[in-house]
Amino acid sequence: MNNDPTIAIPSDETRTGPEAGAALCLSGGGYRAMLFHVGVLWRLYETQLLQPMQRISSVSAGSIAAAVLALAWKRLSFDPAQLSTDFLALVVEPLRGMARESIDLESVALGTFIPGTTISDRITAAYDIQLFHGATLQDLPDEPRFVINAMNVQSGALWRFSKKAMRDYRVGEFKNPTVPLARAVAASSALPPMLSPCEIELRPGSVTPGSGTDLEHGDFIKRAVLTDGGFYDNMGLETAWKRYTTIFVSDAGAKPMPEGVPKSDWPRHAFRVLELIDNQVRSLRKRQIIEGFIAKERQGAYWGIRTNIADYGVADALPCPFDRTLALAGTPTRLKRMPEDVQERLINWGYAVCDAALRSHVNPALRAPTGFPYPNAGV
């Protein structure tokens, strides 16, 4: 039985095995995930484990956090003593500002009823105004390599955005793309059925000849019709697991609650079925990630928003009662304005569970944190 949570595709470089290095994977899950990952990045920054990452792979709302981090990367000192003057100002505050804005339903309304615009256009505009200010994929750092993942509705394959190239193994590679960063993030987070699809026009002749397999022709190389990457790879794992020996996975995905009487109207029923599909794929990948760690095929750590922090066995872990963290995990998967106290609790929870995972599975000698990032909020 093959327990690898990823699959080999023809465009992957031939290797005898993964190379030494570390990658961080950030899942989706609306503003809930974005803020949970803020806490994760905060703790990784403090422990000086963030700067050595060689790849940061993200999907859906995880891509919002990753893209803000990428634009800030060259200005970060990575000195824990300077955290309040650079990391908080350049990463935390912009993302918290984003979480103060409701953009999903407003974008659906404007994109549906205003001629000449689409829902994804409105989402793109909101991201650009709040966070990216005209930046493109060429504004990403060379190192580490940030990979923003979406799914190509035309080919059914993963579509990867990065500074070096954007590609789909069936369609081919488009080198040095100048796609707006807001558009790439909008594609990665185009949650169906309401926020999908996100379309990207491709320059004629820009595909690298011979870089695709069977779809390097016709409409496939004229435009890309993309949807939320979570429906292919809901943890952003694919591009990281195959490449590096050390993998850190931050999973803020929600688990659907049982419904005795599921909705039967097509929009809500479709959304329910999509939730169930996402959960099944996530559960399978999670199980295989853990099996890979146990078998020592990879090293690193996995933590999830639904994790019981007590399972890590860290005696001085920050106080995170399981009933409180489960309530946070149930925060709706929305791009809807979030109250300040909920923002702080989600950040605190991501920070705390990341810390426990690191000290349990990566480096028990790491100094314990003195408290939560927002001590008055708890979880």
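This is a predicted model: local features need pLDDT of at least 70, side-chain atom pairs count only at pLDDT 80 or more; totals for chains, interfaces and linings use all residues.
Residues are numbered from 1 along each chain as its sequence is written, and side-chain values use heavy atoms, with hydrogens and water left out.

**View A. Trp 42 and Tyr 351 form an edge-to-face aromatic pair.** A search of the whole structure finds 10 aromatic pairs. Rings of Phe, Tyr and Trp (for Trp, the six-membered ring) are paired if their centres lie within 6.5 Å; planes under 30 degrees apart count as stacked, over 60 as edge-to-face and the rest as tilted. In the pair of Trp 42 and Tyr 351, the centres are 6.5 Å apart, with 85 degrees between the planes. This pair links distant parts of the chain, since Trp 42 belongs to helix H1 (residues 30–46) and Tyr 351 to helix H10 (residues 340–361), 309 residues apart. Helices (H or I, at least four residues) and strands (E, at least two) are DSSP runs, numbered from the N terminus. Trp 42 is buried at 5% relative accessibility, and Tyr 351 is buried at 3%. Buried denotes under 20% relative accessible area, exposed over 50%, and partly exposed the range in between (1.4 Å probe, protein chains only).

**View B. Trp 42 also pairs with Tyr 374.** The ring centres of Trp 42 and Tyr 374 are 5.7 Å apart and the planes lie at 80 degrees, so this pair is edge-to-face. Because Trp 42 is in helix H1 and Tyr 374 in the segment after H10, the pair ties together parts that are 332 residues apart in sequence. Tyr 374 is buried, with a relative accessible area of 14%. Arg 96 lies over the face of Tyr 374, 5.0 Å from the ring centre; the criterion is that NZ of Lys or CZ of Arg is within 6 Å of the ring centre and within 35 degrees of the ring normal.

**View C. Phe 78 and His 133 have positive phi although neither is a glycine.** For Phe 78, phi is about 60 degrees. Phe 78 is placed in the loop between helix H2 (62–72) and helix H3 (87–98), and is buried at 8% relative accessibility. For His 133, phi is about 50 degrees. His 133 is placed in the loop between H5 and E3, and is exposed at 59% relative accessibility.

View D. Pro 144 is found in the loop between helix H5 (119–132) and strand E3 (145–152). Pro 197 is found in the loop between helix H6 (181–188) and strand E7 (198–201).

**View E. The buried residues of helix H4 pack against H5.** In helix H4 (residues 104–113), the buried residues are Asp 104, Ser 107, Val 108 and Gly 111. Seen down the axis of H4, these residues fall within an arc of 100 degrees, so they line one face of the helix. The arc is that of the directions from the helix axis to the C-beta atoms. Contact means heavy atoms within 4.5 Å.
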